[in-house]
Amino acid sequence: MEIATQSAPLFDAMVHADRWITDYCARSTSADVLCPDADGSIDPAWPAMFAELAAVASDDLGHVRERVQRHAADIGTGFRIADEPDERPWPVSPVPLLIEAGEWAGIARGVVQRATLMEHVIADLYGEGRIVADGHIPAALVTGSPFFLRPMVGLPPPGGRHLDFIAIDLGRGPTGEWRVLADHLRAPAGAGYALENRLAVSRTLGGLQARLNVQRHAPFFTAFRAGLAAMCKRTDPRIGLLTPGRFNPSYPEQAHLARYLGLLLVEGADLAALEDKVYVRTIGGLKRIDALWRRLDPRLLDPLAFDTHSQIGVPGLIDAYAAGNVVLSNAPGSAVLEAPAFAAFLPQLARSLLGEDLLLPNIATWWCGQDGARNRVEADLDALLIGPAFHAAPLGLPDGPTAGADITGNARTALLADIARRPQDYVGQELVRLSTMPVVVGDALVPRPFTLRVFAARGGDGEWTVLPGGFARIGEHPDARAAVMGEGIWSADVCVYGADPVAPDSLLTAPDSLHVRRNPGTLPSRVADNFYWLGRYLERGEALLGAIRVMLGNSIDVDGGAVLSPQTVGKLVGLVVGSGAAPHPPSLRRADLTQFARTAMEDDAWQSIATINRHARDIGEGSRDRLSADMVRLLEAPFPSHRGMLDRAGSLQRRYAAIAGLSAEHMGRTAAWRFHDLGRRIERAMAMARAIRLFGMPGASPDDLSVLLDLADSQITYRQRYLTGIARVPVIDLVALDPGNPRSLAFSAERIAARLAELPVLSDDEMAEPQQAQAIALQAIVVTAAAADLDADTLGDIERRLGGVSDALARRYFLQGAEPLRTSGLTLA
């Protein structure tokens with residue numbers, strides 16, 4: 001009777017869910033998270049989750065997998081493999097891992113205990129050194145680690161703590177127990193991916209949050225942000241996320257976290273240390289920065305303190321840290337406890353320092369730097385996982401951690417010989433078998449082993465809080481050994497659910513807040529530089545495409561219009577050759593021009609459209625924290641592959657138009673947008689000045705003038721104004737001097753001067769700075785010019801002045817290598 005009262009779609013969803021679970025349990029083992037309890041029952045949360053899945057997928061699991069992947073792509077989630085030029089999409093499973101709130105509470109207690117223990121150990125290693133002196137751990141375990149930073153000894157961290165954010169990898173055993181597989185303290189990655197997984201799955205399974213009372217992520221990130229601010233000296237601190245840059249594997253995650261938390265995403269080149277304080281170089285001068293959540297290897301942070309070869313660090317950063325004027329989270333040197341060798345000593349350290357056993361035990365580990373442990377490892381080699389003690393692969397393990405039973409022949413001989421030479425470089429660990437969880441492969445649910453990465457952070461009160469869930473990594477193969485699974489090929493959201501309703505929480509401002517702000521915040525000089533050149537590249541590509549399309553449509557495709565004269569075609573060819581997009585063709589015959597156009601569009605060896613687009617895409621990838629996902633997606637779109645040249649050119653033109661539309665109508669009128677618009681206007685004006693000199697001088701043919709109107713996208717406007725035919729002076733007036741034509745020199749000159757007037761200046765004397773004065777002079781020349789008198793010399797002077805404005809703009813606002821810091825006339829804030 002109860003079923004009869006349910007709607008047909010809900011009933012169908014429950015039927016599909018029951019069938020999926022039945023089929024899945026038939027092929028899984030008792031080590032699966034979904035397997036029935038001892039009494040044969042299944043946790044009701046799983047059928048509820050699969051019912052939500054069936055409501056979206058009906059009976060097509062492949063569809064829901066594609067749907068959640070599309071949502072992840074819309075969010076902008078990606079990652080990069082070392083040595084690969086392009087990012088890969090982040091692989092998200094539509095099936096989340098479900099953990100009941102009571103079980104999760106036990107995990108959280110174990111994580112907090114472990115974080116507390118590691119803080120004690122790190123503080124002692126860089127402080128009094130009693131742990132080594134009292135014999136709890138060997139000195140070689142510390143001093144032999146590449147992650148132990150001797151310059152940090154005796155430096156108390158600003159804020160009084162070494163650890164603020166950690167990640168821990170957990171494995172669930174066949175009987176349901178959780179154990180620690182690895183600790184991540186150096187630059188813990190993955191919290192942004194956990195957040196993005198939650199967003200993608202929530203957009204797919206919209207009713208799951210309320211149906212299972214899933215705990216939210218926002219309170220964790222709110223607490224972490226408050227914790228960073230609490231350690232700073234100033235009441236309104238400026239906090240940055242220090243990234244190695246866009247080539248870092250997890251850069252998209254870092255950009256997403258910076259945007260979500262409201263942090264300033266900075267690279268080493270953006271920062272400067274001056275008089276034991278750290279500043280970010282901005283378009284308004286140097287601005288004080290109080291804390292850095294670093295995702296940079298600590299050995300690269302400061303070439304004066306650590307690795308002198310570092311090109312991405314900040315000279316003097318550690319001096320500012322030692323003076324207590326900048327917080328670094330986590331403190332440099334914390335990674336000493338990441339070494340697998342340390343896992344062998346943490347259980348005893350917990351009993352010695354905390355007076356209790358670890359709530360989340362390690363996998364059993366033996367460090368070969370001790371004779372007894374080495375003998376044990378050599379005797380049980382086939383039953384253990386053999387790995388590096390300090391992450392870096394030693395000579396005997398060129399392929400990294402390997403099951404001992406898989407090391408045979410000469411490889412085993414070489415391993416044992418190197419263990420004898422340098423035993424301190426090796427550990428032996430038990431081979432862990434993992435539980436499995438459901439994942440969609442094809443159109444079916446199959447069991448795959450998984451690990452769980454959890455995150456803990458300190459809040460504003462200094463206490464540890466644990467992110468409810470984290471993210472799961474899922475293996476490709478059914479083999480449940482952790483050593484075989486590796487990094488996994490899928491990720492999954494992790495939902496902590498319970499009986500109690502979960503209050504809505506968000507990092508967004510409270511609805512009743514009265515605080516209003518229109519300035520989006522600090523704009524680093526590097527970002528301004530990027531936005532300026534993004535505008536120039538996009539405009540340059542569009543101008544080059546315009547020339548190619550005119551040539552294709554009027555000289556190659558005879559059905560597209562009248563054939564241009566050879567003289568005009570030769571000028572078009574010269575325009576393209578002058579841009580560096582292609583070499584001069586052997587002749588102006590159809591076949592040679594076709595190949596010439598193809599080179600100018602697609603050849604990476606030249607400054608072709610494909611090359612220009614790649615430059616724009618690189619800037620887009622490095623500006624994720626300030627560009628919309630739609631803009632990034634358009635910039636990263638692959639080059640069109642249509643068969644016909646005109647079809648490819650048309651596709652590119654539509655893409656340029658879409659990007660221009662997003663820039664004009666969707667970007668806020670911030671300083672970043674002003675630099676982007678400046679780049680567009682300067683590039684457009686330079687291109688138009690060159691085109692007028694080629695096609696608009698006295699003696700220009702009707703074909704020349706028609707091409708000039710095409711390049712200025714002004715054919716329709718001209719035909720509407722002048723019905724008697726084409727004439728040189730009216731054409732020049734329209735494309736050069738008409739302030740109402742957005743493609744004209746006059747329009748661009750006015751906009752350049754206006755944009756520069758809106759940017760910050762260094763002095764308060766109300767006098768124009770060089771870039772502003774040059775733009776005003778340029779505008780005066782264009783405004784006072786007459787179309788009949790505009791000659792090649794004047795146009796050449798205009799083009800040179802545009803270059804001068806660009807150079808002055810760069811000198812004033814962009815990073816200039818090792819030039820002195822721009823502090824004259826500034827109050828360092």
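A cavity is a set of points on a 1 Å grid over the protein atoms alone where a 1.4 Å probe fits but cannot get out; its lining residues have an atom within 4 Å of a point. Volume here is the space filled by probe spheres set on the points, which are joined across faces, edges and corners. The model is predicted, so local features need pLDDT of at least 70 and side-chain atom pairs 80 or more, while totals for chains, interfaces and linings use all residues. Residues count from 1 along each chain as its sequence is written, and side-chain values use heavy atoms, without hydrogens and water.

**The second largest cavity**
- Searching the whole structure turns up seven cavities of 30 Å³ or more.
- The second largest cavity holds about 60 Å³ of space.
- Its lining takes in R198, V201, S202, L205, L208, Q209, V214, D493 and C495.
- Two or more of these lining residues come from each of α7 (191–204), α8 (208–212) and β21 (490–497), where helices (H or I, at least four residues) and strands (E, at least two) are DSSP runs numbered from the N terminus.
- The top contributor is α7, with three residues.

**A four-stranded sheet**
- Here's an open, antiparallel sheet ordered β13-β16-β14-β15, where pairing takes at least two DSSP bridges between two strands.
- At the edges sit β13 (365–367) and β15 (402–403), each pairing on one side only.
- Five bridges join β14 (residues 384–388) to β16 (residues 426–430) in the antiparallel sense.

Conventions:
On a 1 Å grid over the protein atoms alone, a cavity is a set of points where a 1.4 Å probe fits but cannot get out, and a pocket is an open set with protein on both sides within 12 Å along at least five of seven lines; lining residues have an atom within 4 Å of a point.
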